[in-house]
Amino acid sequence: MFTLILMGAGLIAVSILTSMVAFRFGAPLLLVFLGIGLLAGEDGLGLVFNDAEAAYFVGSLALAVILFDSGFGTRVQTLRRAAAPAFVLATVGVLLTTLFVGAAARLLFDLPWLYALLMGAVISSTDAAAVFFLLRAGGVKIYKRVRSLLEVESGSNDPMAIFLTVLFIELILTERSGGWVAAFVQGFGLQMGLGLLCGGIGGYLIVELANRVRLEEALSPILVMACALCVFAVTAHLGGSGFLAIYVAGVVAGNRPMRAAASLRRYQKGMTWLAQIVMFLVLGLFVTPSEFGAVLLPALLLGLFLIAVGRPLAVWLCLLPFGIDRASVAFSAWVGLRGAVSILLAILPAVMGLEGADLFINVAFIMVVTSLLVQGWTITPAARWLRLIVPSGMGPLERVGLELPGNPPHELLVYRVLPHSPLLARVARLPEGVHAALLVRHGQAWRPEQAWPPQPDDLVYLFAPPEYQPQLDRLFAQARDPESHDADAPAEFALDPQARLSDLAAVYDLPELLSHGPEVTIGEFVQRQLQGHPVEGDRVRVGRFDLVVRGVLRGQQVTDVRLSLAGRAPRPG
């Protein structure tokens, strides 16, 4: 017993310490954890772990915890911004990827069709957690619209991949040569329908229970997580998608007022990290690299096909009806990293007793490593080349959710005043509803009225409603960063959002804008083109120009529009 405790705790500790190296060099964290599991496994230090059912159980439980936290952190604004295209990617996109990769697997491995489609289903789900880790490790963040699309897709595409995997395994085991289309439609409706229904009801009940029951503060997060896992288990027992249910429950609970929400978020962050580490270590231990030789070359080719053809083609077909710009489509196609879910699904054939199950485990592992190596180290350069990175210096150093008497929706934001930021201009003021609480200069704390106006390198502590953060980001950001990706971008000229669109059409010879009406303003035109949910960084192409959104109030009203000559590289539009 003590030996097992030592090995388990030691592997977790080594993984956490190794993550510091990954953050420093921008290495794919998933690859690091898998590598530690491999080093400790049968071909490394000799730790033998070949229990497929235990590996799948641990992986499923960890994935449920991760999905609840992912849903809990998804804002309603994010869903409104990206719900339709993300849902299509999470369903139709997963199905198309399964078909494309399945066809390639049939050629490369000479498999029967159902086995080949099973191979495609196993590897069809993306792992966006690895994507956003790499973006954070690179010290950059992408614009909200693209991030929202990837967040919602990654949180909702796992149920579809799991459903397809189970469907093809059952078809193989029952030796059914036909009727799989009817089985797919019926099973998909049951899984998704029950998943959405139970998840919505479960999320509502979780909030009601947390708000009505008075508990010790440390017990509330444990109760919430336990109830979320109950939703997962009950939904799966009834025949629905437990993974979809726990994600939806997280979305519902995370967007309703809940007692001790701030402590819950801190607790979940630690639980999610632990779940990811344990899942990756277990999957790494389960795999035996000495068995890779026979499938190494075709698996590498299949992985490259997925990266270069399968995922991009599926993304392009799914996003085509939504008129999304080329840069966002290209980036969404490139960041389709495969991760722990693919390896977890590859274990399922062994759990269900499918003959030749080792093939799926070995191929999936090789494809995941290929994806992490090829795409993992190129995500930040790709975002930079596509000009999807928010300029450096934007955003608070710290953001703390507050639970105050009366439950006002306020946060504590900490900003560093950068040189040449708009706040240093004497005419610039904090927005109404934002209150400065503290100013730190040279390590000494001052009341704002004592040290205002701020100076470069000051730290300013603010109480503000969450919707004011984009406006504060611009107020504290540096005007132009020579090192940023926008250093060589075309100049932008400020426009009045209240100016008439017809005047813009006359000045810049854009007759196609006249069809929108003589009284439509530039701000109204941009909002309509963006379906009423503009975010900073959005671009609307008009002739040879881009209308660039640089300011949005409360997620709806465009307050700052710039005119920019359309560049050579594809950009948000």
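**Reading helix packing and cores**

Me: In this predicted model, at what angle do helix H13 (residues 296–319) and helix H16 (residues 357–374) pack, and how far apart are their axes?

Reply: Helix H13 and helix H16 pack at an angle of about 50°, and their axes lie 9 Å apart. Angles of 65 to 115 degrees count as roughly perpendicular and those under 35 degrees as roughly parallel, with oblique kept for the rest, and so H13 is oblique to H16. The crossing in which H13 passes H16 is right-handed.

Me: Which residues make the contact between them?

Reply: From H13 the contact draws on Leu296, Ala299, Leu300, Leu302, Gly303, Leu304, Leu306 and Ile307, while H16 contributes Val363, Ile366, Met367, Thr370, Ser371 and Val374.

Me: Which residues of the largest nonpolar core touch the most other members?

Reply: That core holds 123 residues, and those touching the most other members are Phe68, Met258, Leu302 and Phe331. Helix H3 (residues 52–72) gives the most to this core, with 11 residues. There is also a second, separate core of 20 residues, with Leu495, Leu501, Leu504 and Phe525 among them.

Me: With which residues is Met258 in contact, leaving aside its neighbours within four places in sequence?

Reply: Met258 is then in contact with Phe72, Ile206, Val207, Ala210, Asn211, Val224, Ala253 and Leu264.

Definitions and conventions. Residues numbered from 1 in each chain as written. Predicted model: local features only at pLDDT ≥ 70, side-chain atom pairs only at ≥ 80, totals over all residues. Heavy atoms only, no water. Core = buried A, V, L, I, M, F, W, Y, C linked by side-chain atoms within 4.5 Å. Buried < 20%, exposed > 50% of the residue type's maximum accessible area, 1.4 Å probe, protein only. Helix = DSSP H or I, 4+ residues; strand = E, 2+ residues; numbered from the N terminus. Contact = heavy atoms within 4.5 Å. Axes fitted to C-alpha atoms, helices over the stretch in contact; angles between N-to-C directions. Parallel < 35°, antiparallel > 145°, perpendicular 65-115°, else oblique. Left-handed = near helix turned anticlockwise from the far one by under 90°.
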